[in-house]
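I record what I looked up, entry by entry.

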Amino acid sequence: MKHIEDTPWWICDPEDTNFVAYSDTDSIYIHAEPLLKHLYPDFDQMSSEDKDDKLEEVALKYQDIITDSYDDLATDCFNAKGKHRLEMKTECVIRSAYFRATRRYAQWITKQEGIVKESLDVKGLEFKKANFPPVLGDFFKQALIDVLKGAQQKEIDTRVKEFKQQILDGSIPLTALGNPTSVKTLNKYITRKSRAGEIFSVIAKGAPASVRSTIVYNDLLKFWGLDKQHSYIVQGDKVKWIYLKPNPYQIEAISFLDFDLPEKINSFIEEYADRKKIFESILLNKLEGFYNDLGWTLNLNPYQEIFFNF
């Protein structure tokens with residue numbers, strides 16, 4: 001688990017072991033395995049279900065101990081004599097979890113308020129964001145689930161290499177790899193429309209990539225005479241945009257509409273889409289951060305195993 005980097009004094013002294021894996025405004029997550037192994041020497045031999053039951057038993061006992069201590073807290077700190085509303089409640093049993101940062105985590109919940117369940121609770125991780133391509137998000141989510149359920153690095157490495165190859169060889173269509181976003185403040189960044197003999201408008205400095213790529217799309221639509229059969233992208237439209245390799249028009253990225261993509265622009269995108277950059281700029285850095293948190297090193301060299309097995 002990813003422990004709190006700076007342990008507050010009220011959790012434990014600097015020389016003591018910190019078993020708090022994560023804390024939030026009104027909750028705290030405790031790494032209970034050391035205590036469970038102390039209480040139950042055969043803990044490692046138990047089934048996963050039995051481990052969950054033992055963990056819940058311990059959590060409920062501590063819940064009552066802490067709730068009882070709130071009587072003193074209410075009296076000493078708040079001068080609330082008699083009844084008060086402070087209580088500690090065990091919310092869930094987590095078999096494994098990944099804590100990236102504050103309010104950015106994933107937890108494999110196997111019991112919630114005493115009810116057996118199997119669910120993945122994800123908060124704030126990048127692959128859940130609306131501007132993350134769903135096909136890449138689904139891959140990251142499955143890798144995360146498998147790690148939480150015990151998958152080893154070699155298995156995840158193999159899957160990452162295979163997925164990268166699918167992106168590079170065209171097995172995954174480009175329409176699935178585009179960055180989804182909404183186009184906002186489009187006109188604000190057009191300094192000047194293209195004139196006679198020009199293809200592209202003059203775009204103001206500081207324009208977001210999605211806006212620049214949208215203006216480029218609209219200019220190409222007009223230049224190729226496709227604007228009579230197909231719609232311009234306007235402010236408020238939901239689009240996807242992708243990076244391009246060096247091309248005759250020196251375009252770095254282009255947007256498109258899923259439901260109205262001219263064949264000529266589609267062919268242009270297919271020929272010049274920078275699939276390698278799509279993988280590296282969107283997914284790879286997220287995977288590297290994930291690997292680093294796990295204490296792993298991500299190496300996508302396809303000849304690594306051949307070299308070391310030689």
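Entry 1. I looked up Tyr105 and found it buried at 8% relative accessibility, where buried means under 20% relative accessible area, exposed over 50% and partly exposed in between, with a 1.4 Å probe and protein chains only. I note that this is a predicted model: local features need pLDDT of at least 70, side-chain atom pairs count only at pLDDT 80 or more, and totals for chains, interfaces and linings use all residues. Residues are numbered from 1 along each chain as its sequence is written, and side-chain values use heavy atoms, with hydrogens and water left out.

Entry 2. I then turned to ring pairs, of which the structure holds 18. Rings of Phe, Tyr and Trp (its six-membered ring) pair if their centres lie within 6.5 Å; planes under 30 degrees apart count as stacked, over 60 as edge-to-face and the rest as tilted. The Tyr22 and Tyr105 rings are tilted, because their planes stand at 55 degrees, with centres 5.4 Å apart. Tyr22 is in strand 1 and Tyr105 in strand 4, so this pair ties together parts 83 residues apart in sequence. Helices (H or I, at least four residues) and strands (E, at least two) are DSSP runs, numbered from the N terminus. Tyr22 is buried too, at 6%.

Entry 3. I compared Phe139 and Phe163: their planes are at 5 degrees and their centres 4.2 Å apart, so the pair is stacked. The pair joins helix 3 to helix 4, and both residues are buried.

Entry 4. I followed helix 3 to its end and found Gly150 after it, with a positive phi near 105 degrees.
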